[in-house]
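Me: I am new to this structure and would like to learn how to read it. Could you take me through a few features, one by one?

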Amino acid sequence: MAFKPAAIQGHDPRVPIPEEDLHPDHPALADGTEPNFETYLYYAKQQREKEAAESKSDDMERGFWANLLWGKGGEKLAPPTHFADEKKGDKGGLVSEAEYRAASSALRTASWGSIFYLITTDILGPYTSPWAFSQVGYGPGVACFIAFAIMAAYGGLLLWYLFMKLDSERHPLRSFGDLAYRIYGAWFRHVCNILQSLQLIFNVGLIILSNGQGLSQMSKFKLCFTVCNIVWMLAGMLLGQIRTLRKFGWVANFAIWLNVITLIITMGAVAHTPPNYAGANLPPGPVQTLAINNLPFESQLNGIMQMVFSYGGALMFIEFMAEMRRPMDFWKAMAVAQVFITIIYMFFGLFVYSYQGQFVLSIANQGISLYSLQTVTNATSLVAGLIAAALYGNIGVKVIYNIILVELFRAPPLTVKSGKYLFAISIVVYWALAYIISSAIPQFALLSALVAAVCIFQFTYTFPPFMLLGFMMQNTALSGDKPYDVNNPHSSRVDTWRDWSRWRRARTFSVRRHTLFELMVASRPVSKHLLINFWNFILTLACLATAVLAAYSAIKSMVTQFNTYGSATSFGCQSPVQ
């Protein structure tokens with residue numbers, strides 16, 4: 001959440017770039033071959049030197065508070081409308097190398113201040129944080145929120161470091177999958193794209209579920225809950241037909257104010273009205289808050305996964321940096337955003353939990369007992385939710401369309417007429433699948449815990465240290481190669497990854513210094529370097545273990561919930577908050 005819209009002059013990274021403006025992710029080299037790891041490093045170093053030279057004059061013009069308060073980027077230049085398909089030999093729209101670099105640079109307009117606002121608004125909102133505190137109590141809740149914030153910041157810094165090492169105007173990084181591809185190859189890009197697709201479709205399903213619960217409350221449960229979900233599915237199918245959402249950024253920022261209104265009304269309402277006992281499926285009684293809540297481990301872990309949702313913006317970090325005029329300043333935006341998110345989420349969670357205790361609902365504003373205020377907050381959150389769902393749905397369909405339909409089944413591109421028709425059909429199918437998810441599992445807290453464990457946890461905590469480990473191994477393996485020749489980029493290697501000699505250099509980490517923060521480790525002994533790599537390796541394994549355990553807990557809790565008498569059933573008419 002944020003208390004001011006992002007004032008961005010140019011493209012909103014949350015909104016997909018129109019197909020006709022997309023650049024090739026991995027443009028071929030002069031000899032027609034694909035860029036290798038050394039090429040990415042070479043041009044990224046040149047790019048950073050250029051940005052460092054330009055930043056000196058910019059720093060004189062704008063200060064820290066000007067960037068943060070106003071968050072405006074540079075002036076956007078008109079990008080070209082067509083690029084040649086180098087694989088197909090399309091010569092009609094071929095642009096020169098200078099024009100390509102200029103066009104790539106023209107898309108980099110956002111300042112770190114505007115990125116701060118985007119990071120704080122790239123998530124659904126702190127509505128589940130009170131429920132998270134109700135599952136673990138005050139002490140563990142505060143400790144976990146802070147711990148996850150620190151580790152999310154660490155993961156974000158790793159992504160920033162990798163972006164700075166591998167991105168350039170000549171070979172720009174545009175997505176998380178691009179970064180994965182440059183480090184581990186196509187297989188890891190497919191893993192990231194699949195998890196991204198799952199996260200987006202489940203996010204749409206969660207929004208349908210939350211909006212369905214809100215609509216059922218507004219109708220005083222006279223409308224069948226499944227029908228409530230169908231209403232939002234149909235609305236999404238219609239809104240999703242807007243294929244190009246270039247002007248959608250201001251609508252997305254409008255949702256910020258709707259969320260702010262919902263938060264303020266919710267805090268005021270819970271402080272002056274009793275809890276929603278019926279929605280909590282508990283008999284009326286005194287509010288109880290605990291320092292440590294000794295619930296079963298599965299319940300506590302499900303609550304903790306709601307905190308993971310709070311820091312679920314890492315999936316979009318690469319897109320954000322790709323839009324920045326000075327990506328080296330991304331750490332400022334992320335640091336301020338992490339502190340801001342942690343304070344707001346903890347304050348809202350602790351405030352609502354202190355007044356409602358064990359009666360807190362998984363969606364905080366739906367725990368208001370006074371119908372008038374409950375309806376107002378539901379109305380504002382419904383609109384904001386539909387805006388977010390339309391955005392997630394549009395991005396999700398395009399990801400699935402490109403990685404499945406185009407790459408595997410040779411579907412037509414979205415720029416041709418047949419592709420547009422197929423996209424419209426895909427939107428309908430996508431929202432239908434999201435509806436099936438939301439109606440088949442009408443348990444918002446547990447479903448969001450499952451999404452956090454399977455998808456969000458990986459992008460925020462597991463993948464960053466894993467990718468840094470791969471980057472450092474490749475970088476170390478270069479120590480035995482010949483100097484890089486820009487005119488003959490594939491001639492520097494003395495061996496390949498099929499040779500044990502290259503693996504031996506990559507495994508030892510003992511020749512060159514290239515740790516996360518080179519200024520911190522320069523002139524330090526190699527043992528420090530080994531410790532950092534060992535730490536990232538152990539952290540990757542620990543994150544994977546935590547994710548598996550959390551997914552198991554969510555699934556087990558779902559089974560238990562379905563077997564509980566009086567719980568909402570799949571595709572049933574009873575609302576989960578009834």
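Me: Let me start with a pair of residues: are Arg505 and Asp495 buried or exposed?

Reply: Arg505 and Asp495 are both buried. Keep in mind that this is a predicted model.

Me: What do the side chains of Arg505 and Asp495 form where they meet?

Reply: Here is the general idea: side chains of opposite charge can pair when their charged atoms come close. In this model, Arg505 and Asp495 meet in a salt bridge, with 3.0 Å from N to O. Arg505 belongs to helix 18 (residues 500-508), while Asp495 sits in the loop between helix 17 (444-477) and helix 18, so the pair ties together parts that are 10 residues apart in sequence.

Me: Which residues are linked with Arg505 and Asp495 in a network of salt bridges?

Reply: Asp481 and Arg502 are, and the network joins them with Asp495 and Arg505.

Me: How many salt bridges does the structure hold?

Reply: There are 11. Another one to look at joins Asp329 and Arg326, whose closest N and O atoms are 3.0 Å apart. Asp329 also forms a salt bridge with Lys332, and there the closest N and O atoms are 3.5 Å apart.

Me: Now to the surface. Which residues form a nonpolar patch there?

Reply: The patch is made of Leu531, Phe534, Phe537, Ile538, Leu541 and Leu544, which together have about 570 Å² of accessible area. Take Leu531 as an example: its place is in helix 20 (residues 526-562). A residue is called exposed when its relative accessible area is over 50%, and Leu531 has 54%, so it is exposed.

Me: How should I read the parts where pLDDT is low?

Reply: Where pLDDT is low, the predicted coordinates should not be read in detail. For this protein the average pLDDT is 80, and 78% of the residues score at least 70.

Me: Over which residues does pLDDT stay under 50?

Reply: One stretch is residues 73-104, for which the model has 57 contacts beyond four places in sequence. Another is residues 509-527, with 40 such contacts in the model.

How values were computed. Residues numbered from 1 in each chain as written. Heavy atoms only, no water. pLDDT = per-residue confidence, 0-100. Contact = heavy atoms within 4.5 Å. Patch = residues over 30% accessible without salt bridge, like charges linked within 9 Å, V, L, I, M, F, W, Y side chains within 5 Å. Areas by Shrake-Rupley, 256 points an atom, 1.4 Å probe, with all protein chains shown as cover. Salt bridge = Lys/Arg side-chain N within 4 Å of Asp/Glu carboxyl O. Helix = DSSP H or I, 4+ residues; strand = E, 2+ residues; numbered from the N terminus. Buried < 20%, exposed > 50% of the residue type's maximum accessible area, 1.4 Å probe, protein only.
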